[in-house]
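Hi everyone, thanks for coming. I'd like to walk you through one model today, so let me put the sequence and the structure up on the screen.

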Amino acid sequence: MNATIWHNPACGTSRKTLAILQETPGVALTVVEYLKNPYSADKLRQLFQDAGLTARDALRLRGTDAEERGLKNASDDAIIAAMAANPAYVERPIVETDKGVRLCRPQDLVREIL
C-alpha cells in the first residue's frame, strides 16, 4: 500500500503518526515535510474533499495568527489560499493512502486507512 504523510517533525502527533506508518508492514511511505515543500491549493482541495473536510475543519488556529487574520470566518477559497501561502495554517498530520485521506488527530485515525 502507498501512503503519503504531510509531516512536521516538530509535532508530536505527526511523529507518532509517522511511527505507526513506518511500523505497518507493506506500507510504501512518502514523507513530505510540508513546511519545506508546501501544498498547492489544488492538492489541498483534493485532500480535503477526499477526507470529507472543509478548509475550516483543517485550519490550524493554535500557534498561528490565523484567527487574528480573520481566517476562522473566511471562505474556503480564502482559507485555502492562505494555507497555500503559509502551510503552517494546515492542521497536521494529513495522511493519504490507497484507502483514503485522514487528518490524523489523534494519530490512531491513520489506522482507518491502512
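Let's start with Pro 106, which sits in the segment after S4. Before going further, please keep in mind that this is a predicted model. What kind of peptide bond runs from Arg 105 to Pro 106? That bond is cis, and omega is near 5 degrees. Remember the background here: most peptide bonds are trans. There is also a cis peptide bond between Arg 92 and Pro 93, where omega is about -10 degrees. Pro 93 has its place in the loop between H3 and S3.

Now, how do these two places relate in space? Arg 105 and Arg 92 are 13 residues apart in sequence, and their C-alpha atoms are 7.3 Å apart. A polar atom of the Arg 105 side chain lies 2.9 Å from the backbone oxygen of Arg 92. So which residues does Arg 105 touch, if we leave out those up to four places away in sequence? They are Cys 11, Thr 13, Arg 60, Arg 62, Glu 91, Arg 92 and Pro 93. Like Pro 106, Arg 105 lies in the segment after strand S4, which covers residues 100–103. Its relative accessibility is 29%, so Arg 105 counts as partly exposed.

One of those neighbours leads us to the salt bridges. Arg 105 and Glu 91 meet through their side chains in a salt bridge, at 3.5 Å from N to O. This pair links distant parts of the chain, 14 residues apart: Arg 105 is in the segment after S4, and Glu 91 is in the loop between helix H3 (76–85) and S3. Is Glu 91 buried or exposed? Glu 91 is buried, because its relative accessible area is 13% and the cut-off for buried is under 20%.

How many salt bridges does a search of the whole structure find? The search gives 9. Let me pick out a couple more. Arg 102 forms a salt bridge with Glu 112, and their closest N and O atoms are 2.7 Å apart. This one links distant parts of the chain as well, with Arg 102 in strand S4 and Glu 112 in the segment after S4, 10 residues apart. Arg 102 is partly exposed at a relative accessible area of 26%, and Glu 112 is partly exposed at 48%. Elsewhere, salt bridges that share partners join Asp 42, Arg 45 and Asp 77 into one network. Then there is the pair of Glu 67 and Lys 72, whose side chains meet at 3.6 Å, N to O. Glu 67 counts as partly exposed at 44% relative accessibility, and Lys 72 is partly exposed too, with a relative accessible area of 38%.

Searching the whole structure turns up 2 aromatic pairs. In one of them, Trp 6 and Tyr 39 are stacked, with 6.0 Å between centres and 25 degrees between the planes. Trp 6 belongs to strand S1, while Tyr 39 is in the loop between S2 and helix H2 (41–51), so the pair ties together parts that are 33 residues apart in sequence. Trp 6 is buried, with a relative accessible area of 7%, and Tyr 39 counts as buried at 5% relative accessibility. How are the rings of Tyr 34 and Tyr 39 arranged? Their centres are 5.5 Å apart and their planes meet at 35 degrees, so this pair is tilted. Tyr 34 and Tyr 39 are both buried. Put together, Trp 6, Tyr 34 and Tyr 39 make one aromatic cluster.

Last stop: helix H1, residues 12–23. At 1.5 Å a residue, the 12 residues of H1 should span 16 Å, and the end C-alpha atoms are 16 Å apart, which agrees. Which residues of H1 are buried? They are Thr 13, Ser 14, Thr 17, Leu 18, Ile 20 and Leu 21. Looking down the axis of H1, those buried residues fall within an arc of 155 degrees, so they line one face of the helix. The face turned away from that buried side carries the exposed residues Gln 22 and Glu 23. And what covers the buried residues of H1? The cover includes strand S1 (2–7), strand S2 (28–33) and strand S3 (94–97).

How values were computed
Residues are numbered from 1 along each chain as its sequence is written. This is a predicted model: local features need pLDDT of at least 70, side-chain atom pairs count only at pLDDT 80 or more; totals for chains, interfaces and linings use all residues. Side-chain values use heavy atoms; hydrogens and water are left out. Helices (H or I, at least four residues) and strands (E, at least two) are DSSP runs, numbered from the N terminus. The expected span of a helix is 1.5 Å times one less than its number of residues. Buried means under 20% relative accessible area, exposed over 50%, partly exposed in between (1.4 Å probe, protein chains only). The arc is that of the directions from the helix axis to the C-beta atoms. Contact means heavy atoms within 4.5 Å. Rings of Phe, Tyr and Trp (its six-membered ring) pair if their centres lie within 6.5 Å; planes under 30 degrees apart count as stacked, over 60 as edge-to-face and the rest as tilted. A polar contact is a pair of N or O atoms within 3.5 Å; within protein, one must be able to donate a hydrogen and the other to accept it, and residues adjacent in sequence count only if both atoms are side-chain atoms. A salt bridge is a side-chain nitrogen of Lys or Arg within 4 Å of a carboxyl oxygen of Asp or Glu.
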